[in-house]
Amino acid sequence: MKNKPAHRPKTARHRGENFESAGTGFVIIGKNPVKEALREDRQIDRIYVMKDNRDHVLGDITAQAKKKGIVIHSVEKQKLNQIARNAGFENTNHQGIAAMMAPFDFADLDTVIRDAGDGLFVILDHIVDPHNFGAIVRSANLCGAAAVIFPERRSASVSAVSMKASAGAMNATPMVKAANLSQVIETLKDAGYWIACADMDGEPYEKIDWKGKMALVIGNEGAGISPNVRKHCDFTASIPNYGTVDSFNASVAAGVLLCEAARQRHER
């Protein structure tokens, strides 16, 4: 197993970090995303529920929303179809519910580092597909990651589509939007973290020591890890390929690596 020195040597911290902590309002679609938003006490402006439905899950969600004083609008299916299309869904699988959210409360990098202890961070290096983005956040949450970090430009972000793909996990996972991923990595290094990136040309993932202060970088669906990010990473983790296609989907690769990290970090 790849061993790390006991402590990360201090490096010169880059100046001028600009980590955004606020976003814009958006819509979330589907039962799980709305249920998770309520459970995490996210600020919801109003909820639209399909008229005359007999779905007990929707009934439970609206009952919880009413207890919180959230305005409920009973609308025709066509209205929900329109909301779903406007939110970027190619189909209208809204499951009979949509919620208008207040601006998403992005987390501050220094705060999540302070609160993480020996946490595991996930860094998304320009993941552009919102379904991949959401699926990775879901895996990160299930595997106990302290936060997900992604760039503010040329990347998917928190949206109705990615929120639904995450099954609402974005509501329960600190999300950090960063101006510069290289600066983020150097900040993590200063805090004692070791950085692993996912790539085909690397050490078998199960031989890497995922315990302690670690961050995993997942690269773009086509280009992989960008050269400027790669040069800041300490390890490269690869997944064996026994087939004929080039590589795993980004979200699948992230799930495999995060499950191994979680196994090592929680083994008894």
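Colleague: Is glutamine 95 buried, exposed or partly exposed?
Modeller: Glutamine 95 counts as partly exposed, because its relative accessibility is 34%, where buried means under 20% relative accessible area, exposed over 50% and partly exposed in between, with a 1.4 Å probe and protein chains only. Bear in mind that this is a predicted model, in which local features need pLDDT of at least 70 and side-chain atom pairs count only at pLDDT 80 or more, while totals for chains, interfaces and linings use all residues. Residues are numbered from 1 along each chain as its sequence is written, and side-chain values use heavy atoms, with hydrogens and water left out.

Colleague: Where does glutamine 95 lie?
Modeller: Glutamine 95 lies in the loop between helix H3 (77-86) and strand E5 (97-101); helices (H or I, at least four residues) and strands (E, at least two) are DSSP runs, numbered from the N terminus. Glutamine 95 also has a positive phi of about 60°, although it is not a glycine. Most residues other than glycine have a negative phi.

Colleague: And what is the phi of arginine 154?
Modeller: Arginine 154, again a residue other than glycine, has a positive phi near 50°. Arginine 154 is found in the loop between strand E7 (147-151) and helix H6 (160-165), and at 64% relative accessibility it counts as exposed.

Colleague: Moving to H1, which of its residues are buried?
Modeller: In H1 the buried residues are Lys31, Pro33, Val34, Glu36, Ala37 and Leu38, and what covers them includes strand E2 (26-29), strand E3 (44-50), helix H2 (56-67), E5 and H6. Just after H1, aspartate 41 takes a positive phi of about 60°.

Colleague: What is glutamate 36 in contact with?
Modeller: Leaving aside its neighbours within four places in sequence, glutamate 36 is in contact with Ala167, Gly168, Asn171 and Ala172, where contact means heavy atoms within 4.5 Å. Glutamate 36 has a relative accessible area of 18%, so it counts as buried.

Colleague: Switching to isoleucine 136, which helix is it in?
Modeller: Isoleucine 136 is in helix H5 (residues 130-142), and it is buried, with a relative accessible area of 0%. Beyond its neighbours within four places in sequence, isoleucine 136 is in contact with Val122, Leu124, Ile127, Ile218, Ala250, Ser251, Ala254 and Leu258. The C-alpha atoms of isoleucine 136 and glycine 255 are separated by 6.9 Å, although these residues are 119 residues apart along the chain.

Colleague: How do H5 and H9 cross?
Modeller: The axes of H5 and helix H9 (residues 250-266) come within 8 Å and cross at roughly 10°, the axes being lines fitted to C-alpha atoms, for helices over the stretch in contact, with angles running from 0 to 180 degrees between N-to-C directions. H5 is therefore roughly parallel to H9, since angles under 35 degrees count as roughly parallel, over 145 as roughly antiparallel, 65 to 115 as roughly perpendicular and the rest as oblique.

Colleague: Which residues meet there?
Modeller: Asn132, Ala135, Ile136, Ser139 and Ala140 in H5 meet Ala250, Ser251, Ala254, Gly255 and Leu258 in H9.

Colleague: Last topic, how confident is the predictor in the chain?
Modeller: The protein chain averages a pLDDT of 87, and 91% of the residues score at least 70, where pLDDT is the predictor's confidence in each residue, from 0 to 100. Over residues 12-24 the pLDDT is below 50, and this stretch has 30 contacts in the model beyond near neighbours in sequence.
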